[in-house]
Amino acid sequence: MRRNSRARLSLSLLLVAGALGLGVTPATAAEVHTAAAAPSAIPSASAYALDAAVERTLGAGTAGTYLDRKTGELVVTVTTDRAEEQARATGATVRRVARSAAQLDSVIATLEAEAKITGTSWGIDPRTNQVAVEADSSVSARDMARLEAVAERLGGAVSISRVPGVFHREVLGGGAIYGGGSRCSAAFNVTKGGARYFVTAGHCTNISANWSATSGGSVIGVREGTSFPTNDYGIVRYTDGSSPAGTVDLYNGSTQDIASAANAVVGQAIRKSGSTTKVTSGTVTAVNVTVNYGDGPVYGMVRTTACSAGGDSGGAHFAGSVALGIHSGSSGCSGTAGSAIHQPVVEALQAYGVSVY
């Protein structure tokens, strides 16, 4: 269960659009939205460290962790006395719940086997101790009935909600990094052995081996790795001799330095920076998320309420100076409420042996 259940870990640093000459606002850019329900809670360095320690110590002994919205403290959910004792020993706040990690994993396996419907996604929400399922507007009444029938048999372990729009990988022809006639966004600048790279979405790096900072411009980097579907990350090595800074573009004339990478915690506030909707804010609502895109599923993702749109693919999800994820897709945005999905960046960094700087 949890983020390591499919052995997915990666790390990354943010690409500065200004450093690449990408400061021009794309013609399709949307206004910045802020999720009204987003809490102000951003985990401290010690909270991220505690979350990682809990995962190492308890593993499948916890049914998930989340940030308490009122106190900002990390809460660890457990189902046994032994797990509760281990969790308290780490210094975390503990909550007993009904369903174990194994039970929630079993629920996900059932959904995978019996309700793998294009336009759906599911992931674990430890706050409710359920698997939270979303179904977009493309899911037919017949398929919705099938999904609900499977959920009913799982005895309250599943919550289902409809979301507007259609889940899709967010790529457009047009903006921030260009390859194969499409526009994506870069996530984080990273380094290995003195060489510089940037990470972005795998469904972007699948499109082209060569990437430019402007449409039809000279090549700035060459693809060195790509993974989609199943995962959604890729890496591009700078070949133009540049050494861009390891910061995130805030699209207001300033940047956010990125100093480390971590896995997102349910309940925390995040920001997303992308070349279409610029900087938007939201809350992490589920981890270990499966998204059933039309051209293949991705696993181990993170669901948030941030707004996003086509062209934001590959952009950065972050909290303060901490890199969290690579933007994958969404079902769009209704008002200020979105459904932005990210690939955990820690997994990508580890896959390519690179680090943020």
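**A sheet, and then the rest of the chain**

Author: Strands β2 and β3 (residues 74-78) run antiparallel and are joined by five bridges. Two strands pair here if DSSP finds at least two bridges between them. Helices (H or I, at least four residues) and strands (E, at least two) are DSSP runs, numbered from the N terminus. The model is a predicted one, in which local features need pLDDT of at least 70 and side-chain atom pairs count only at pLDDT 80 or more, while totals for chains, interfaces and linings use all residues. Residues are numbered from 1 along each chain as its sequence is written, and side-chain values use heavy atoms, with hydrogens and water left out.

Within β3, Val 75 is the bridge partner of Tyr 66. The sheet is open and has three strands in the order β2-β3-β4, with mixed pairing. Its edge strands, β2 (62-67) and β4 (93-96), each pair on one side only. From one strand to the next the twist averages 25 degrees. Helix α1 (residues 45-58) packs on this sheet and touches β2 and β3, and its direction makes about 15 degrees with that of β3. Contact means heavy atoms within 4.5 Å; axes are lines fitted to C-alpha atoms, for helices over the stretch in contact, and angles run from 0 to 180 degrees between N-to-C directions.

Further along, β6 (residues 130-135) pairs with β7 (residues 158-162) in the parallel sense, over five bridges. Ala 132 stands opposite Ser 159 in β7. Together with helix α4 (residues 141-153), β6 and β7 make a right-handed β-α-β unit. Right-handed means that, with the strands pointing away from the viewer, the path from the first strand over the helix to the second runs clockwise. In the loop between β5 (120-125) and β6 lies Asn 129, whose phi is near 60 degrees, a positive value in a residue other than glycine. Asn 129 is buried, with a relative accessible area of 3%. Buried means under 20% relative accessible area, exposed over 50%, and partly exposed in between (1.4 Å probe, protein chains only).

The loop between β14 and β15 holds Pro 229, and the peptide bond from Phe 228 to Pro 229 is cis, with omega near 0 degrees. Thr 230 lies in the loop between β14 and β15 as well; its phi is near 75 degrees, again positive in a residue other than glycine. At 40% relative accessibility, Thr 230 is partly exposed. Most residues other than glycine have a negative phi, and most peptide bonds are trans.

Now the aromatic rings. Rings of Phe, Tyr and Trp (its six-membered ring) pair if their centres lie within 6.5 Å; planes under 30 degrees apart count as stacked, over 60 as edge-to-face and the rest as tilted. The count comes to three aromatic pairs. Phe 228 and Tyr 293 form a tilted pair, because their ring centres are 6.3 Å apart and their planes are at 40 degrees. Phe 228 lies in the loop between β14 (219-227) and β15 (233-238) and Tyr 293 in β20 (residues 278-293), so the pair ties together parts 65 residues apart in sequence. Phe 228 is buried at 14% relative accessible area, and Tyr 293 is buried at 4%. Tyr 233 and Tyr 352 have ring centres 5.5 Å apart and planes at 90 degrees, so this pair is edge-to-face. It links Tyr 233 in strand β15 to Tyr 352 in helix α6 (residues 345-352), 119 residues apart.
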